[in-house]
Structures are given as C-alpha cells and as structure tokens.
Amino acid sequence: MRIRLLYFSVLRDLADGDEVDYETGTGIDTVGDLLAELYAVRPALADWDDRLLLAVNGSYATRD
C-alpha cells in the first residue's frame with residue numbers, strides 16, 4: 001500500500017523531506033504497525049515517539 005507521509009518541524013530533517021510517498025510492507029494494519037516499520041527504516045524518528053501527533057486523512061489518530 002502506498003502512503004503519503006507528511007513531516008513537520010525537526011522531523012522533516014530526519015525524514016529527508018516534508019512529504020514522502022512510502023510503500024508499506026505486508027501486515028500493516030494500524031498506525032502503530034506503520035510507526036514500527038518506519039522506525040526500522042529511520043531509527044532517528046523513534047527518538048521523537050513520545051512527542052508525535054498522528055493524523056490519518058486530516059483527523060487525529062491513535063496507534064490502534
């Protein structure tokens with residue numbers, strides 16, 4: 001599945017851009033699953049995990 005990720009503030013530098021098209025692997029059912037996969041690809045993002053605000057299609061989302 002292709003997902004467009006938007007990064008703001010310092011995360012733009014860590015992700016090499018403010019808008020990134022990302023192709024997920026299999027088994028991604030939740031935002032939490034996606035975060036785990038992203039952290040494996042870009043470990044520096046995990047340092048900000050407790051400060052992230054997450055949204056899906058413009059609405060705030062939980063990891064579930």
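These questions and answers go through a predicted model of one chain and the terms used to describe it.

Residues are numbered from 1 along each chain as its sequence is written, and side-chain values use heavy atoms, with hydrogens and water left out. Because the model is predicted, local features need pLDDT of at least 70 and side-chain atom pairs count only at pLDDT 80 or more, while totals for chains, interfaces and linings use all residues.

Q: How many helices and strands does the chain have, and what makes a run count as one?
A: The chain has 2 helices and 4 strands. Helices (H or I, at least four residues) and strands (E, at least two) are DSSP runs, numbered from the N terminus. Along the sequence they follow the pattern β-α-β-α-β-β.

Q: Why is the chain called as compact as a globular protein of its length?
A: The radius of gyration, taken over C-alpha atoms, is set against the globule rule, 2.2 Å times the number of residues to the power 0.38. For 64 residues the rule gives 11 Å, and the chain has 11 Å, so it is as compact as a globular protein of that length. Along the principal axes, its C-alpha atoms fill a box of roughly 25 × 20 × 20 Å.

Q: Which residues does L35 touch, and what makes a pair a contact?
A: Contact means heavy atoms within 4.5 Å. Not counting residues up to four places away in sequence, L35 touches D49, L52, L54 and R63.

Q: Which other residues of α2 are buried, and against what do they pack?
A: Helix α2 covers residues 31–41, and its buried residues include V31, L34, E37, L38 and Y39. The buried residues of α2 pack against β1 (2–6), β2 (19–23) and β3 (55–56).

Q: What makes a set of residues a nonpolar core, and how many residues has the largest one?
A: A nonpolar core is a set of buried Ala, Val, Leu, Ile, Met, Phe, Trp, Tyr and Cys residues joined through side-chain atoms within 4.5 Å. The largest has 14 residues. Those with the most contacts inside it are L5, Y7, Y22, L34, L35, L38 and L45. β1 and α2 each supply at least two residues of this core. Its largest share, 5 residues, comes from α2. In soluble globular proteins, nonpolar side chains tend to be buried together.

Q: Which residues does Y22 touch?
A: Leaving out residues up to four places away in sequence, Y22 touches M1, R2, I3, L5, L34, E37, L38 and V41.

Q: How do you know whether L54 is buried or exposed?
A: The relative accessible area of L54 is 16%, so it is buried. L54 lies in the loop between α2 and β3. Residues up to four places away aside, L54 touches V31, L35, S59, Y60, A61 and R63.

Q: What is the phi of S9 and of D16?
A: S9 has a positive phi of about 60° although it is not a glycine. D16 also has a positive phi of about 60° and is not a glycine. Most residues other than glycine have a negative phi. S9 is in the loop between β1 and α1 (10–14), and D16 is in the loop between α1 and β2.

Methods: Buried means under 20% relative accessible area, exposed over 50%, partly exposed in between (1.4 Å probe, protein chains only).
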